[in-house]
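Please read them alongside the coordinates.

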Amino acid sequence: MTDLEAKKSVDQMSRSGEEPSPEYIVKDSKFGSIETSPPLGPFPVVDLTVFSHSSSSQDLEQELAKLRSSLSSAGGCFQAIGHGISNSLLDKIREVSIEFFSLTAEEKQKYARAVNEAEGYGSDRIVSEKQVHDWSHRLSLKVFPQDKRRLNLWPQSPQDFRETLDEYAMKIKIVTEVLFKAIAKSLNLEENSFLYQFGEQSVMQTRFNFYPPCSRPDLVHGVKPHTDRSGITILLQDKEVEGLQIVVDGKWYRVPVIPHALVVNLGDQMQIMSNGIYKSPMHRVVTNTEKLRISVASFIEPDPDNEIGPVERLIDEQRPRLYRNVKNYGIINYECYQKGLVALETVQV
Ligand SMILES: O=C(O)CCC(=O)C(=O)O
Ligand SMILES: [Fe+2]
């Protein structure tokens with residue numbers, strides 16, 4: 001057993017069809033009951049080809065307007081198409097994820113996350129006795145900077161796991177660079193305004209999420225409500241099974257499945273850099289009784305040695321500085337999580 005792990009794994013309970021044990025049951029969520037099927041959300045589909053290829057100013061303006069409206073609302077999310085990653089690579093990364101999670105518990109344990117570490121295979125990190133456990137297993141791996149990869153935690157089975165992740169991560173990195181420039185453009189900023197804050201040594205952590213079916217989806221979270229601590233998160237959802245929900249104006253909405261689109265969520269650090277103009281959305285994952293769900297989330301964060309803060313041009317009399325400059329927001333975020341504090345609130349001026 002690692003840290004304060006639950007006595008029964010979600011895999012075991014899922015297979016036997018039994019009710020979730022008490023550690024998984026959400027009692028008094030401040031977000032209300034777990035509604036597994038709220039309405040579909042107003043998340044636009046943005047075609048990234050207008051940012052990476054020459055295109056008419058009308059097309060460019062149209063996609064920039066979608067970025068502005070989606071990122072400045074509490075919804076902070078859109079789906080990206082035209083991202084340049086082939087359908088076959090997207091299917092392949094999903095396939096190796098399912099193959100990994102289908103290995104025996106003993107085999108997966110070879111890549112187990114150590115107590116107090118973020119990387120490796122396991123369940124959510126438990127930081128207090130009161131914490132409700134998520135109905136999921138995950139495998140988290142640092143993919144960039146490349147020399148920080150801990151290859152002993154990278155599965156050797158299935159055989160093509162490592163090369164698929166490497167290829168996928170390289171492509172995601174290119175997509176994020178296009179996005180940083182596009183987001184800067186949408187705020188009328190110089191195109192490297194965000195890219196340079198992330199730095200040459202920006203970090204990418206890829207997390208493979210696995211949510212087995214649950215006999216009582218109304219009682220558990222696949223992932224509890226949270227905002228991402230990243231700068232930006234690029235999420236490949238399951239090809240068929242929904243589960244992700246996002247809060248817009250105080251209400252939960254489902255994020256639809258678009259099989260070869262990437263869900264783009266801003267994280268807390270872009271909310272800081274954009275001086276609060278763009279938002280890091282509150283989101284959660286719900287489970288269902290019938291089908292397992294997987295997702296692959298890539299979290300891109302600035303180099304932890306870089307001091308980041310609101311871009312100067314986004315600070316003026318009408319919009320005074322909302323956040324102080326910070327270094328290593330990851331640590332701030334983790335410490336706040338342990339104390340039950342909202343990290344973004346602690347860095348407000
Ligand atoms: O599985 C998903 O759709 C989202 C997962 C998520 O929010 C996360 O890993 O931070
Ligand atoms: Fe998330």
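1. Is Asp-11 buried or exposed? Asp-11 is buried, at a relative accessible area of 13% (buried means under 20%, exposed over 50%, partly exposed in between, with a 1.4 Å probe and protein chains only). Asp-11 sits in helix H1, residues 10-16 (helices are DSSP runs of H or I of at least four residues, strands runs of E of at least two, numbered from the N terminus). Leaving out residues up to four places away in sequence, Asp-11 touches Lys-108, His-137, Phe-210 and Pro-212 (contact means heavy atoms within 4.5 Å).

2. On provenance: this is a predicted model, in which local features need pLDDT of at least 70 and side-chain atom pairs pLDDT 80 or more, while totals for chains, interfaces and linings use all residues. Residues are numbered from 1 along each chain as its sequence is written, chains are lettered from A and ligands numbered from 1 in the order written, and side-chain values use heavy atoms, without hydrogens and water.

3. Arg-254, in strand S9 (residues 251-254), is also a buried charged residue, with a relative accessible area of 18%. Its side chain makes a polar contact of 2.8 Å with that of Glu-242 and reaches the backbone oxygen of Pro-38 at 3.0 Å (a polar contact is a pair of N or O atoms within 3.5 Å; within protein, one must be able to donate a hydrogen and the other to accept it, and residues adjacent in sequence count only if both atoms are side-chain atoms).

4. The shell around ligand 1 includes Arg-207, His-283 and Ser-295 (a residue counts if one of its heavy atoms lies within 4 Å). Oxygen atoms of ligand 1 lie 2.8 Å from a side-chain N or O atom of Arg-207, 3.1 Å from a polar side-chain atom of His-283 and 2.6 Å from a side-chain N or O atom of Ser-295. The protein buries 97% of the 290 Å² that ligand 1 exposes when taken alone (Shrake-Rupley method, 1.4 Å probe). Strands S5, S11 and S12 each supply at least two shell residues.

5. The largest nonpolar core has 68 residues (buried Ala, Val, Leu, Ile, Met, Phe, Trp, Tyr and Cys joined through side-chain atoms within 4.5 Å). Helix H6 (residues 161-186) gives the most to this core, 11 residues. Another core, of 14 residues, lies apart from it and includes Val-285 and Phe-299; both residues also belong to the shell around ligand 1.
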